[in-house]
Amino acid sequence: MVIGINLEGNKEVLGLSAGQAEGAKFWLQVVTELKNPRVQDIYIACVDGLKGLPQAIETVFPKAQVQLCIVHLVRNCLNYVSWKERKTVAAELRALYRGATAGEGWDQLEAFAEKWDARYPSIAQIWKRNWE
């Protein structure tokens, strides 16, 4: 299911697709079907990490900024963390996405990196790639 938020801030169901496999070809077809007079452009696409979906969006809507949703971003990062430290790291990651401004989020990311990069250097890199 593809849900969009229009310029007025209202949610709209833009499409519903089902297929045998969710590979790059499937996602390219889904995204291509979205591009019609109703959906002229996408500014930000928040995806859940499915293979081929970001590339399909970037192909059909080259100006779109594609990023992982926060839930999947945190889950992805916690895959690198030992079980004993997951609650602590998850709580500190919360500060990154709860900042009042983008600048505050970047400041929190820098503080997080200073504390955790020695043990989990991949986490800050994942956030930076997603936010750029």
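In the predicted model, arginine 119 forms a salt bridge with glutamate 85, and the closest N and O atoms of the two side chains are 2.1 Å apart. This pair links distant parts of the chain, since arginine 119 belongs to the loop between helix 5 (102-116) and helix 6 (121-131), while glutamate 85 belongs to the loop between helix 3 (70-78) and helix 4 (86-97), the two residues being 34 residues apart. Glutamate 85 has a relative accessible area of 18% and is therefore classed as buried, the cut-off for that class being under 20%.

The salt bridge of arginine 119 and glutamate 85 belongs to a total of three in the protein. In another, the side chains of lysine 115 and glutamate 92 meet with a distance of 2.7 Å from N to O. Because lysine 115 lies in helix 5 and glutamate 92 in helix 4, this pair ties together parts that are 23 residues apart in sequence. Glutamate 92 counts as partly exposed, at 24% relative accessibility. A further salt bridge brings together the side chains of glutamate 110 and lysine 128, for which the N to O distance is 3.9 Å. Here too distant parts of the chain are linked, with glutamate 110 in helix 5 and lysine 128 in helix 6, 18 residues apart. Both residues of this pair are partly exposed, glutamate 110 at 37% relative accessibility and lysine 128 with a relative accessible area of 21%.

With regard to charge as a whole, the protein carries 16 positive and 15 negative side chains, and the centres of these two sets lie 7 Å apart.

The secondary structure comprises six helices and four strands, which follow one another from the N terminus in the order β-β-α-β-α-β-α-α-α-α. Strand 1 (residues 2-5) and strand 2 (residues 11-15) run antiparallel and are joined by four bridges; valine 2, for instance, has glycine 15 in strand 2 as its bridge partner. Five residues lie between the strands of this hairpin, in which glycine 9 adopts a positive phi near 90°.

For the overall dimensions, the C-alpha atoms fill a box of roughly 50 × 35 × 20 Å along the principal axes. Of the 132 residues, 33% count as buried, and the accessible surface amounts to about 9000 Å², with 53% of this area belonging to carbon and sulfur atoms. Among contacts with a separation of 6 or more, 42% are accounted for by residues 24 or more positions apart.

How values were computed:
Residues numbered from 1 in each chain as written. Predicted model: local features only at pLDDT ≥ 70, side-chain atom pairs only at ≥ 80, totals over all residues. Heavy atoms only, no water. Buried < 20%, exposed > 50% of the residue type's maximum accessible area, 1.4 Å probe, protein only. Contact = heavy atoms within 4.5 Å. Areas by Shrake-Rupley, 256 points an atom, 1.4 Å probe, with all protein chains shown as cover. Lys, Arg positive; Asp, Glu negative; His and termini not counted. Charge placed at Lys NZ, Arg CZ, Asp CG, Glu CD. Pairing = 2+ DSSP bridges. Salt bridge = Lys/Arg side-chain N within 4 Å of Asp/Glu carboxyl O.
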